Amino acid sequence: MHEVALCNSLVGLIQDQQRQRGFRRVNRVIVEVGVLGHVDPHALDFAFDVESKDSPAEGAVLEIREIEGRAWCMDCSNLVTILKRGDPCPGCGGFAMIVEQGDELRLKELEVI
Ligand SMILES: [Zn+2]
């Protein structure tokens with residue numbers, strides 16, 4: 001389950017932020033998750049609860065915002081929106097796609113005390 005690994009590095013990032021900014025606790029964590037990354041929001045939520053134990057983010061609310069997948073089509077030279085990896089270009093039906101966005105997990109915002 002790669003959600004556990006993702007949350008592990010997310011908690012690491014939060015601890016880095018705590019060292020830099022000196023807050024006590026985290027109320028809410030807002031992350032952006034690309035729809036192409038095969039991340040299950042429920043599994044992510046669960047993994048976050050487990051991984052954040054004994055960290056400043058323990059008990060914090062995890063808010064997950066999905067961001068769409070975007071890819072560059074080399075056949076028609078357009079930036080297009082795709083729903084999953086391996087989808088053809090909605091414009092020309094080609095498969096020469098380079099994914100530009102949508103498989104990342106990004107820490108967007110921390111609400112801290
Ligand atoms: Zn195309």
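Which residue in β6 does Val-33 stand opposite? In this predicted model, Val-33 faces Leu-105 of β6. Residue numbers start from 1 along each chain as its sequence is written. Because the model is predicted, local features need pLDDT of at least 70 and side-chain atom pairs count only at pLDDT 80 or more, whereas totals for chains, interfaces and linings use all residues.

The protein chain contains 2 helices and 6 strands; both kinds of element are DSSP runs numbered from the N terminus, with helices being H or I of at least four residues and strands E of at least two. Read from the N terminus, the order of elements is α-β-α-β-β-β-β-β. The radius of gyration (taken over C-alpha atoms) is 17 Å, well over the 13 Å that the globule rule gives for 113 residues, so the chain is more spread out than a compact globule. That rule is 2.2 Å times the number of residues to the power 0.38. The C-alpha trace spans about 50 × 25 × 15 Å along its principal axes.

An open sheet of 3 strands has the order β2-β1-β6, with mixed pairing; two strands pair if DSSP finds at least two bridges between them. The edge strands, β2 and β6 (105-112), each pair on one side only. From one strand to the next, the twist averages 20°, where axes are lines fitted to C-alpha atoms (for helices over the stretch in contact) and angles run from 0 to 180 degrees between N-to-C directions.

Strand β1 (residues 26-34) runs parallel to β2 (residues 61-67), and 7 bridges join them. Between β1 and β2 the chain passes through helix α2 (residues 41-51), forming a right-handed β-α-β crossover; right-handed means that, with the strands pointing away from the viewer, the path from the first strand over the helix to the second runs clockwise. Helix α1 (residues 2-21) lies across β1 and β6, at about 45° to β6.

Two loop residues have positive phi values without being glycine. His-38, in the loop between β1 and α2, has phi near 55°. His-38 is exposed, with 11 other C-beta atoms within 10 Å; exposed means 12 or fewer such neighbours, buried 20 or more, and partly exposed in between, with C-beta atoms placed from the backbone. Ser-77 lies in the loop between β3 (69-73) and β4 (78-82), and its phi is about 55°. Ser-77 also counts as exposed, with 9 C-beta neighbours inside 10 Å.

Terms used. Two residues are in contact if their C-beta atoms, placed from the backbone, lie within 7 Å.
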